[in-house]
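Q: I am new to this structure. Can we go through a few of its features, one at a time?
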Amino acid sequence: MTDSLTFRRLLPALLALLAPPALHAHGGPEVPLYVAEDGIDSGNCEDARAPCATIGYALNKAGKGTEIRVAEGSYEVATTEDLFHLLSDVVTVTGGYRAPDRPLESEPARSILTGVPVAYRNMLQQRGFHVIADRKGIDGPRAAEAARLLGLRTTMQASLPTTPCVNGDAGGLDCDAVDLVAHVPFAEVSSAVGASNDIWGFIDLNTHREYVIVGFNNGIAVFDVSDAENPAEIGFVPGQNSVWRDIKVYQYFDAALQRWMAYAYVTTDGASDGMIVIDLTGLPHFVVKRSYVSDFSAAHNVYVSNTDFSTGLAQNDAAALVIVAGANVGNGRYRAYGLSSPASPAFVEDAPVLTDRYMHDAASLLITDARKDSYCVNATSTHCNVLLDFNEDTIEIWDITDPANPLQLSSTPYANASYVHSGWSSEDGQYMFVHDELDEQSAGLPTTLRIFALDDLSNPQLVGQWSGPTNAIDHNGFVRGNRYYMSNYARGLTILDISEPATPVTVGRIDTYPFSDGSTFVGAWGVYPFLPSGIIAISDIDSGLYLVSDQTRDVAEGKISLAARSFAAVEGAQASITLERSGGATADVSVDWEVLAATAGIDDLDLAGAALARGTVNWSDGDSASKTISLSVSDDGVAEGLEFLMLRLGNPTGGATLDNVNQAFVYLSDPGDAADISFSSSLVEVAENDGVAAVITVARRGTAVGASSVDYNLTAGDAIAGVNFEGSTSGTIAWDDGDARPQTLVFRILDDGQNNTSSFIELTLSNASGATVAANPTVQLLIEDGAGNNQSPVANAGTSQTLDESTAVTLDGSQSNDPDGATLQYEWTQTSGLQVALQNADTATASFTAPSVTSDTMLQFDLTVYDDRGASGTSSTTVTVLNTDPVSNVGGGNRGGGGALGWMLLLALSLLLRLTPRGLFERMTFDDGLFPIRTR
């Protein structure tokens with residue numbers, strides 16, 4: 001018995017010494033938390049020998065994806081908050097584990113819960129609990145609150161209606177100056193999703209329709225939010241099951257195709273999806289996953305530097321870079337990828353090994369003031385590209401102007417740092433807002449946002465902080481104007497006024513998780529505040545996508561906006577951009593402006609240099625007059641057709657805010673060109689899926705000077721309104737003077753449920769005013785027949801595997817499914833690594849023998865599944881093959897054996913094993929012999 005006890009005490013230390021250096025991946029496999037009836041509520045619950053005593057305490061210590069293992073005994077669910085966390089899919093709580101001193105052959109362990117409403121008995125019994133639903137557990141002071149929250153939970157499983165914030169309530173959600181515009185719950189997503197994670201968005205410059213892209217536990221969905229009260233899912237790209245996903249977008253103009261191209265880059269942690277590249281150029285009708293071979297299998301975050309966050313366009317003179325954070329290679333240091341071929345990002349460089357720190361998240365800023373010459377090393381004549389690296393322990397600042405030669409400018413710690421998580425800069429680049437994800441839990445702090453001054457990039461200084469009214473964890477935050485939009489987990493969205501950056505003030509909120517405000521990983525994961533419409537998108541871990549409207553910007557100092565969303569000029573003349581101040585005129589205020597290149601470049605303006613494509617507009621106290629920005633447009637004598645630049649407002653001062661119209665398109669036409677109008681294409685094809693939107697785009701070209709309009713009418717077709725489609729087949733489309741933005745006609749497709757030939761309608765343009773009809777005067781909308789609504793199947797290639805060479809390997813895609821219940825066809829392909837001979841590659845479970853390798857080697861495989869109507873889904877997985885030749889691993893190697901010390905420890909371990917009863921070692925396979933796996 002003494003030998004057995006000695007072994008149990010020494011083995012964890014020996015294994016720790018033998019283990020390779022661990023990545024600090026926040027998204028890596030979480031350590032289980034342990035609860036036992038005789039435990040003590042202290043520490044972090046991660047030691048099975050020192051478990052916590054209550055489920056509620058363990059829930060407050062759990063991270064995203066954590067499993068809580070509950071031993072036999074009786075436990076009260078003491079609060080309504082604990083009940084909701086217990087039922088959450090983000091933290092898995094399971095009972096039925098055996099206490100250390102119970103023999104394995106005894107009767108099954110029972111983890112008894114009291115204080116649980118009977119409605120949840122079956123659900124919790126499936127998780128290994130025995131539920132006693134006695135009335136004393138749910139009656140009393142919390143009965144009414146429990147009933148209210150349980151009812152609200154049920155309500156939130158369906159979509160919530162558009163509801164203004166009145167008296168602190170918006171459709172059952174606590175709010176302050178934030179209106180609820182729309183809600184998409186899990187049940188309305190095409191795939192069977194169980195949890196949301198991060199979110200991003202963009203405006204498609206081909207159609208000027210707005211989109212948000214939401215990560216879920218099993219993939220990524222793209223939603224059209226152009227009609228914000230009625231968001232519509234366009235497509236779902238499946239991925240492996242994981243708590244963590246992150247998304248960013250890049251958009252550029254393809255001169256050969258004469259259209260805008262856009263891609264979303266997605267990373268997944270806790271899985272082996274690598275980097276997923278989603279081709280968005282099929283919008284507004286579909287999105288597809290590109291065939292891209294990633295050089296890593298997992299990463300925690302992705303960021304695209306040097307871009308405008310509403311469009312994804314690269315900023316002037318600076319190439320966009322994909323920055324991957326927390327990958328499973330390079331110890332998680334950041335990795336930079338070039339976008340010369342945007343569909344296939346190419347690795348450029350990773351961070352130097354001088355710190356070897358794991359990057360958790362990233363942000364960047366383009367320095368154009370004197371700091372680029374004072375602190376940057378590789379600055380160009382116009383800018384320095386600075387990367388903000390949030391690496392768990394410190395904030396590092398890098399000069400990545402030359403991405404192949406990154407140089408560290410500073411490394412900054414701060415007091416009470418528990419997990420340096422993420423951050424963002426003010427629009428003038430003078431301040432940095434920093435989130436620590438664990439200080440609320442570990443240090444007992446209220447929600448804490450730290451603010452650093454960036455006037456000295458070599459030594460950022462902490463100049464202030466904001467403390468919230470609760471202990472809800474701050475997660476991610478973004479700046480637009482003088483508002484800071486922060487996903488605040490259990491407290492939902494928090495909006496701060498950062499007019500005085502060092503002293504932010506709370507001005508608005510909406511609580512997407514109204515069940516608690518505690519320091520747990522539930523509620524609002526991400527927020528995206530950059531849509532040109534002003535709509536704010538929120539992803540909530542537990543209840544899906546929310547679209548909200550910010551009313552905090554109605555202030556006495558006034559709102560600043562552009563007078564229109566587009567302006568026009570002719571080459572050789574002036575472009576006059578009008579700005580307005582409305583709703584108040586108190587105080588001296590100002591706003592910055594900047595021109596961004598689009599299809600036209602900064603060199604199309606008469607400027608001394610790109611650095612002068614920006615400026616500031618001022619209003620004095622009491623002044624509400626319109627102001628004008630004048631841009632001189634060069635006449636290059638080249639016939640280029642209608643081009644455009646973008647003008648963006650930012651960094652309002654004096655307390656004034658940005659109104660929704662804060663960016664505009666400046667259209668430049670060749671002298672003498674006249675306006676013409678046409679359909680963007682002559683054919684639009686959509687499937688006969690109920691509720692799908694068919695979008696037809698109408699373009700104005702030539703010039704934007706002067707107003708113009710055109711009529712459209714149905715001229716042919718056999719599709720029947722009300723049976724095959726809904727939408728207007730006649731009307732007038734008009735453009736104001738200065739406007740050449742594309743306009744769209746939207747038709748809702750109906751499924752008649754019949755197998756018949758495809759149908760169509762044909763629309764024709766006529767009666768143009770202020771323009772001519774040219775190019776494509778007619779468009780055909782072809783509705784391809786289908787019998788019933790067909791959803792794409794969801795592929796699941798299984799979890800990643802690590803095993804020895806020459807081992808039999810099974811790739812298991814049996815968890816793939818079709819939402820419509822169709823029988824699937826399977827196709828396994830190998831996408832990287834030493835080639836192997838796949839057996840049964842056309843079945844759910846393919847197999848092969850792991851090859852012999854000279855060092856640890858990763859193989860990657862794709863599984864594509866097809867339904868009976870040709871729709872498909874793809875998922876990836878990896879197999880890491882370990883080199884088992886001891887000679888090749890002497891001295892450490894990839895497996896981190898520890899050299900001579902490692903061999904000595906192995907020898908010591910083998911001696912201990914000889915002294916230890918074999919039965920006890922077998923128990924080690926049951927959760928270290930302390931909390932054996934449930935027997936039922």
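A: Strands are DSSP runs of at least two residues, numbered from the N terminus. The model shown is predicted.

Q: Where is the place of G702?
A: G702 sits in a loop, with strand 48 (693-701) on one side and strand 49 (708-717) on the other.

Q: Is G702 buried or exposed?
A: Buried means under 20% relative accessible area. G702 has a relative accessible area of 11%, so G702 is buried.

Q: Which residues does G702 touch, not counting those up to four places away in sequence?
A: They are L642, S669, D673, A674 and D676. A674 is 28 residues from G702 along the chain, yet their C-alpha atoms are separated by 5.3 Å.

Q: How do the side chains along strand 47 point?
A: In strand 47 (residues 683-687) they alternate.

Q: In which sense do strand 47 and strand 55 pair, parallel or antiparallel?
A: Strand 47 pairs with strand 55 (residues 778-784) in the parallel sense, over 5 bridges. Opposite E685 stands L782 of strand 55.

Q: Which residues is I323 in contact with, leaving aside neighbours within four places in sequence?
A: Among them are N301, Y334, M359, L387 and I400.

Note on methods. Residues are numbered from 1 along each chain as its sequence is written. This is a predicted model: local features need pLDDT of at least 70, side-chain atom pairs count only at pLDDT 80 or more; totals for chains, interfaces and linings use all residues. Side-chain values use heavy atoms; hydrogens and water are left out. Helices (H or I, at least four residues) and strands (E, at least two) are DSSP runs, numbered from the N terminus. Buried means under 20% relative accessible area, exposed over 50%, partly exposed in between (1.4 Å probe, protein chains only). Contact means heavy atoms within 4.5 Å. Two strands pair if DSSP finds at least two bridges between them.
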